[in-house]
Amino acid sequence: MCGIVGIVSHSPVNQELYEALTVLQHRGQDAAGIVTYEGGRFYLRKDRGLVRDVFQSEHMLNLPGTMGIGHVRYPTAGCTSPAEAQPFYVNSPYGIVLGHNGNLTNADQLKQEIFLQDQRHINTDSDSEILLNVFAHELQRQGKLRLDVNDVFDAVSEVHRRCRGAYAVAAMITGFGILGFRDPYGIRPAVIGRRESAQGLEYMIASESVALDVLGFEVVRDIEPGEAVFIEKNGRLHSRQCAKTTSHVPCMFEFVYFARPDSMIDKISIHKARLRMGEKLADKILRQRPDHDIDVVIPIPDTSRTSAMELASRLGVKYREGFIKNRYVGRTFIMPGQQLRQKSVRRKLNPIDLEFKGKNVLLVDDSIVRGTTSQQIIQMARDAGAKQVYFASASPPVRHPYVYGIDMPAAHELIAHGRSEAEVESLLGADWLIYQDLGDLAKAVRRGNPKIERFETSCFSGEYVTGDITQEYLEKLSRHRSDANRTENSRIYTNVIDLPNSV
């Protein structure tokens with residue numbers, strides 16, 4: 001999962017790109033990058049780290065121009081080399097930079113094609129560099145010295161034909177403009193914003209609407225699945241549907257966990273969707289245990305707060321903040337290695353004993369992935385004096401790997417994989433475990449936009465919407481995402497040039 005942003009303005013964009021990336025920081029904490037354009041040149045700064053650490057005053061001064069794109073990276077494929085920070089750049093044709101949110105499921109095949117047929121070289125393990133080179137090749141095939149908008153849209157159509165998986169893209173072409181597009185399923189989000197200035201209209205593309213809000217842009221609409229929008233450097237906006245067939249299937253985990261609660265995605269309020277998740281979960285509790293003995297509902301900060309508040313209200317039970325979060329510790333399931341992850345949980349959360357002592361406590365989290373965090377939190381609640389510890393997940397059991405841009409663990413590392421809910425309950429050490437039903441989750445989110453008929457729910461259901469995910473692919477993904485491989489890759493910082501095996 002990553003965050004993308006692109007701005008075409010009549011004034012310098014460096015500071016606004018920086019501010020947009022800080023707002024989207026929750027979408028990627030591994031690396032950040034900004035590219036601006038002025039006077040026939042791109043100006044690039046990118047590196048590993050948080051936005052505030054990557055960009056200092058001297059870097060901002062070297063990012064001139066009224067047009068640019070930015071990216072925050074959350075590693076989903078490849079190693080942790082600084083070379084894999086985005087945006088990526090190719091000089092031919094024209095000069096193109098690109099930032100990508102998602103994951104290409106046919107990246108290995110494309111890498112072979114790019115080398116053997118397109119005669120281009122991929123220098124990292126990132127599928128984003130592959131996507132950029134596919135787009136660049138399709139643009140170059142047109143053989144024009146001067147581009148027009150239709151040339152760009154034709155190239156995007158070829159990207160859709162060749163690339164499979166999930167992708168939302170912000171790209172910039174030297175001296176021409178900024179491009180945004182989504183995959184034909186609309187799995188990853190992207191939204192367009194507009195702002196009036198004294199010099200004329202200005203446009204912005206971003207992963208979430210909250211980035212537009214903070215910069216004073218009015219949300220125009222979401223980019224449709226398979227659609228591309230192009231904003232010329234003079235501020236003129238064009239759009240075209242570039243995919244032959246589309247089906248709107250947004251990622252459910254955006255609504256459960258990743259997106260900020262003050263965002264709108266595909267016309268659905270994240271905040272209201274999470275409130276409804278709490279309602280549905282409370283109704284299930286009342287069906288299963290109408291005579292429950294819950295004394296207090298306590299959320300696991302931060303994402304589950306909204307659902308937990310509504311759940312407590314519907315149950316008629318007190319809602320309390322029982323954990324204080326250290327905001328300077330990263331998300332634990334991103335971290336390589338189980339030992340590091342376990343140490344991190346204790347440093348991340350500290351209980352307020354008075355809220356637990358002698359009470360039957362219902363802890364609420366947005367999801368349970370490995371179970372590492374949940375196990376320790378349940379034990380922390382017991383150590384703080386809780387009489388009974390119940391645990392509720394606002395989403396269903398995560399039993400399958402996710403392949404569309406969230407770096408969830410290998411299947412065997414998922415606590416619910418191959419286990420019943422009773423078995424998970426026992427492993428977690430909870431006195432009672434309750435999961436959201438998948439149907440209820442879908443209803444809670446869909447109420448915000450009834451036109452969306454289904455969601456990408458593969459990590460819950462095992463059904464992959466792109467239809468190209470084989471057992472062989474999942475086994476390879478499992479090896480790549482295993483804790484052993486993560487730990488090894490975390491030691492690697494050298495960018496290795498890797499040619500296809502068939503060469």
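Start by selecting D266, which counts as buried because its relative accessibility is 2%; buried means under 20% relative accessible area, exposed over 50%, and partly exposed in between, with a 1.4 Å probe and protein chains only. This is a predicted model, in which local features need pLDDT of at least 70, side-chain atom pairs count only at pLDDT 80 or more, and totals for chains, interfaces and linings use all residues. Residues are numbered from 1 along each chain as its sequence is written, and side-chain values use heavy atoms, with hydrogens and water left out.

Stay on D266 and check its backbone: phi is positive, about 50°, although D266 is not a glycine. Most residues other than glycine have a negative phi, and most peptide bonds are trans. D266 sits in the loop between β14 (264–265) and β15 (268–269). Strands (E, at least two residues) and helices (H or I, at least four) are DSSP runs, numbered from the N terminus.

Next, select Y94. Where does Y94 lie? Look in the loop between β5 and β6. Y94 is not a glycine either, yet has a positive phi of about 70°. Its relative accessibility is 25%, so Y94 counts as partly exposed.

Now select S92 and P93. The peptide bond joining them is cis, with omega about 0°. P93 is in the loop between β5 and β6 (96–104).

Finally, go to Q86 and P87. The bond from Q86 to P87 is also a cis peptide bond, with omega near 5°. The loop that holds P87 runs between β4 (67–73) and β5 (88–90).
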